Each structure stands twice: as structure tokens, then as C-alpha cells.
Amino acid sequence: MARVAIVTGGTRGIGEAISLALKDAGMIVAANYAGNEEKAKAFTERTGIASYKWDVGDYDACHEGVAKVAAELGPVDVVVNNAGITRDGTILKMSRDMWEDVIRINLGGCFNMAHAVFPGMRDRKWGRIVNIGSINGQAGQYGQVNYAAAKSGIHGFTKALSQEGARFGVTVNAIAPGYIDTDMVAAVPPEVLEKIVAKIPVGRLGQAHEIARGVAFLCSDEAGFVTGSTLSINGGQHMY
Ligand code: CAA
């Protein structure tokens, strides 16, 4: 039986590449999205992958979304917590909303989704949870106390949950992407981005499919002995 996978933020950027990689690996994929209706519709038409709208920062919406996917596609075996936002600014300019939105969506979303799928994975004795962290959660980044805290939290969340999942056949891992060629990175001011790229030993931004390959491996049967790990895919920018 094909595994059923949910990819949050799965219709654009890194998430889109992950949805496609899991489909190529033979899974039935549900791509979650929060806002961009038009892009989600185009994505589904282009790829044949079903898209489902809910806000991962909303606990009840995650439980309802998971139940809907399970009813339509089957019990959920794989979750990739990829959805995330940036609200960059130095702390002097950061509002409480900028802090709370990033923590609620980027970090809270991982809890909300894991909480919804973990009991079923435990009962079926198999599961894969992959959380998308960030180089900026490992190393910090000027202007991102909110994002760095959330992503760093994701790395701790991963290590803790992996210890709970191990005896049930549920692996929990993280990927820490560096700067990848997506809309999110394109929003960084060009003069700032130029300086960042100059510090990447490989000499370029990463591509979304380079993250997706790592996710597909961690979600495979063959990766059953890999848990609690963080795979850094960052062109050598930070060696953790
Ligand atoms: N270290 C030390 N000082 C720095 C600095 C740095 N890295 N960057 C800027 N500064 C200094 C500036 O030189 C400036 O000093 P002066 O006032 O003395 O001239 C001061 O800090 C203010 O800098 P800015 O004018 O740039 O401040 P700003 O408020 O206009 O903008 C910012 C701040 C929004 C954070 C902007 O610098 C920025 O967007 N930076 C990029 C942040 C970033 O990398 N985000 C990643 C988004 S992609 C992502 O997050 C995906 C992922 O996982 C990798």
C-alpha cells in the first residue's frame, strides 16, 4: 500500500519540491497551504497532487485537516513540517506580532501537526516526521531573533520527539537548509543577499530539489535507523 504523506506549505518553494519528490517515491501526497489559493490551484492542476487549505499555526485546523486527509486519502504515515514564514527585523524594530506569528506558525505548526498524527503512527507502528529547520536556527542571523528562535526550537523538538517515537517505529528528523533559491530568500534585500552568497563555499544558492532529495531519503523505509538527526544542506556555509 502506498504511504500517505502530508507536506505543509507543500504547494510552493521547497515544499513544492518535497511534494513532488515524495510523489516520485510512490507516496500519495497531500500538499497543505495557508493562503495562496491561486498558486495552490495551479500546483494541483500541474502535478495532480491534492492541495488542502489550513493554517498550521491553528491547532484545531491541523487536527481537522489531518482528519480530512485521512478520510479522503488514507491514514497519514508521513508528515513534513515545512510551512514557515519570515518577519525579519532587528529587535528594535520587531513588534510583538512579528515575534508571535513566527513562533506560532514555524514552531507551533510542528507541534500541532505532530500532535495530530502521532497517535495513528504509534498505533500502526510506522511513521516519518521530517521538520524543516534552518541554518539560521543553528547559527543565528542578524535581524531574525524570531525566526532563529523558532528554527532552533524545531531542532530541539526533533531530538526530543525522536526519543518518544523510536519504540513505535516513528522516526523524527530535521533538515537544516541554507539559503535556497525561493521567494523567501528573494525577499532579502539584494545587497544583503549578495554578502550572504559570498560566504557560501559552494558559491551559489541551493535549489529546492536539493532539499527535497534529503527529505525523500529520511521518509523512506531504508532510513529506519536514522532518527533524531539533523541533515544540513547549505553548500558548506555552516558546519554544525
Ligand atoms: N552584522 C552586524 N551588523 C549588521 C549586520 C550583520 N549581519 N547586518 C546589518 N548590520 C548593521 C548595519 O551595518 C547597520 O549599521 P549602521 O546603522 O551602523 O549603518 C545596522 O545593522 C542596521 O542594518 P540595516 O540598515 O540593514 O537594518 P534594517 O532594519 O533596515 O534591516 C534586516 C535589517 C531587515 C534584518 C535586513 O538587514 C535583512 O533583511 N537582513 C537579512 C536577514 C536574513 O538573512 N533573512 C533570511 C531570510 S531567508 C530565510 O530565513 C530562509 C532560511 O532559512 C535561510
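# A chat about strands, a ligand and some loops

Colleague: Hi! How many of the six residues in strand β2 (residues 28-33) are buried?
Modeller: Five of the six residues in strand β2 are buried, and that leaves the strand mostly covered. Keep in mind as we talk that this is a predicted model.

Colleague: Noted. Which way does β2 run next to β1?
Modeller: β1 and β2 run parallel, and four bridges join them.

Colleague: You mentioned A30. Is A30 buried or exposed?
Modeller: A30 lies in strand β2. Its relative accessibility is 1%, so A30 counts as buried, the cut-off being under 20%.

Colleague: What is the bridge partner of A30 in β3?
Modeller: That is A50. Strand β3 (residues 50-53) pairs with β2 in the parallel sense, over four bridges.

Colleague: Which helix goes with β2 and β3 in a β-α-β unit?
Modeller: Helix α2 (residues 37-47) does, and the unit they make is right-handed.

Colleague: One more on A30. How far is its C-alpha atom from that of A174?
Modeller: The two C-alpha atoms are separated by 20 Å, and A30 and A174 are 144 residues apart along the chain.

Colleague: Let's go to β4. Which of its residues point one way, and which the other?
Modeller: In strand β4 (residues 78-81), V78 and V80 point one way, while V79 and N81 point the other way. All of these are buried.

Colleague: How many bridges join β4 to β1?
Modeller: Three bridges do, and strand β1 (residues 4-7) runs parallel to β4. Here the bridge partner of I6 is V79.

Colleague: Nice. What about V79 and β5?
Modeller: In β5, the bridge partner of V79 is I129. Strand β5 (residues 127-132) and β4 pair in the parallel sense, with four bridges.

Colleague: What helix makes a unit with β4 and β5?
Modeller: Helix α4 (residues 96-124) does, giving a right-handed β-α-β unit.

Colleague: What comes in the loop between α4 and β5?
Modeller: K125 is found there. Its phi is positive, at about 60 degrees, although K125 is not a glycine.

Colleague: Is K125 buried or exposed?
Modeller: K125 counts as exposed, because its relative accessibility is 52% and the cut-off is over 50%.

Colleague: Changing topic: the ligand! Which residues come nearest to it?
Modeller: There are 18 residues around the ligand, and K93, S134, Y142, Y147 and Y179 come nearest.

Colleague: What can you tell me about polar atoms there, say for Y142?
Modeller: A polar side-chain atom of Y142 lies 2.2 Å from an oxygen atom of the ligand. For K93, a side-chain N or O atom is 2.6 Å from a ligand oxygen. For Y147, the distance from a side-chain N or O atom to a ligand oxygen is 2.7 Å.

Colleague: How much of the ligand's accessible area does the protein cover?
Modeller: On its own the ligand has 1,100 Å² of accessible area, and the protein covers 56% of that.

Colleague: Which elements give two or more residues to the shell around the ligand?
Modeller: Those are α7 (183-186) and α8 (190-198).

Colleague: How do the shell residues divide by type?
Modeller: Nine are nonpolar, seven are polar and two are charged.

Colleague: Now P201. Where does it lie?
Modeller: P201 is in the loop between α8 and α9 (208-218). At 58% relative accessibility, it counts as exposed.

Colleague: How far is P201 from F168?
Modeller: Their C-alpha atoms are separated by 40 Å, and the two residues are 33 apart along the chain.

Colleague: Last one: how far apart are T230 and G133?
Modeller: T230 and G133 are 97 residues apart along the chain, and their C-alpha atoms are separated by 8.5 Å. T230 is found in strand β7 (residues 230-233). With a relative accessibility of 28%, T230 counts as partly exposed.

Notes: Residues are numbered from 1 along each chain as its sequence is written. This is a predicted model: local features need pLDDT of at least 70, side-chain atom pairs count only at pLDDT 80 or more; totals for chains, interfaces and linings use all residues. Side-chain values use heavy atoms; hydrogens and water are left out. A residue is near a molecule or strand if one of its heavy atoms lies within 4 Å of it. A polar contact is a pair of N or O atoms within 3.5 Å; within protein, one must be able to donate a hydrogen and the other to accept it, and residues adjacent in sequence count only if both atoms are side-chain atoms. Accessible areas come from the Shrake-Rupley method with a 1.4 Å probe; for residues, only the protein chains shown count as cover. Ala, Val, Leu, Ile, Met, Phe, Trp, Tyr, Cys and Pro count as nonpolar, Asp, Glu, Lys and Arg as charged, and the others, Gly among them, as polar. Buried means under 20% relative accessible area, exposed over 50%, partly exposed in between (1.4 Å probe, protein chains only). Two strands pair if DSSP finds at least two bridges between them. A crossover is right-handed if, with the strands pointing away from the viewer, the path from the first strand over the helix to the second runs clockwise.
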